[in-house]
Amino acid sequence: ESPRVARASSAKASTPLAEGVRAGVHVYRLESGIPVLVKIRPDAPITYAGVLALGGANRETDALAGRTLLMARLAVKGTTSRTAVQIAESGELLGGSIGPAVGGDSVGWSISVPAPHTAAAIELLADVAQHPTFADDALDTERAIAHAEVSAARDDIYRYPMRLATRPAFAGHPYGVSMIGTEASLKAQTRDGPSQWHAQRFLT
């Protein structure tokens, strides 16, 4: 494998503790308490890997609306060891790409690649999930994209009525907060916001 897509770690990883098999899913537990779920399909040529944390957009307020999605998108725009271009190129060389996954109750990233590239893909995924840099130029770009999505949502004959309905239905609850944010909440975002959000909501 190319050294651009596979890097040996100098740190010794602890062996996860096997807890058993549930409904065909192998359950392991890291020393930190994080569960690792593995579903083995020997006939499948593709490996799908994801790292997810509880939380997501349901931890936001109106003032913070869109921060989780912004944080997840920024993570693929650079880490302490890779630039945005290197992350994209590494994914392409492996036959996949890392995509952010943000829902009302979860946040994370995923990638799917041909099975022989599993180890390198997981290393790339772990780098994005654990070591994003949240550069100012990337923030400006992603915030501009988010602003455009907020504007476009008003012209969506499905999403906009749903937004108008869910806001009063979940008044005072995070489910009533827009996942993509608002003009005001996005404008208020600074580099420290997504960085602190990542540390508080994903790494802890």
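Here is a short briefing on a strand hairpin and some ring contacts in this structure. Keep in mind that the model is predicted. Two aromatic pairs are found in the structure, and one of them involves Trp109 of strand E6, with Phe202 as its partner.

**The E5–E6 hairpin**
- Strand E5 covers residues 99-102 and strand E6 covers residues 106-114; the two run antiparallel and are joined by four bridges.
- Three residues lie between E5 and E6, which form a hairpin.

**Aromatic pairs**
- The structure has two aromatic pairs. In the pair of Trp109 and Phe202, the centres are 4.9 Å apart with 80 degrees between the planes, an edge-to-face arrangement.
- This pair links distant parts of the chain: Trp109 belongs to strand E6, while Phe202 sits in the segment after helix H7 (192-201), 93 residues apart.
- Trp109 counts as buried because its relative accessibility is 0%, and Phe202 also counts as buried, at 12%.
- The rings of Phe170 and Tyr175 have centres 5.7 Å apart and planes at 80 degrees, so this pair is edge-to-face.
- Phe170 has a relative accessible area of 35%, so Phe170 is partly exposed. Tyr175 is partly exposed as well, at 37% relative accessibility.

**A charge over a ring**
- Arg201 places its charged end over the ring of Trp197, 4.8 Å from the ring centre.

Methods:
Residues are numbered from 1 along each chain as its sequence is written. This is a predicted model: local features need pLDDT of at least 70, side-chain atom pairs count only at pLDDT 80 or more; totals for chains, interfaces and linings use all residues. Side-chain values use heavy atoms; hydrogens and water are left out. Two strands pair if DSSP finds at least two bridges between them. Rings of Phe, Tyr and Trp (its six-membered ring) pair if their centres lie within 6.5 Å; planes under 30 degrees apart count as stacked, over 60 as edge-to-face and the rest as tilted. Buried means under 20% relative accessible area, exposed over 50%, partly exposed in between (1.4 Å probe, protein chains only). A charge sits over a ring if NZ of Lys or CZ of Arg is within 6 Å of the ring centre and within 35 degrees of the ring normal.
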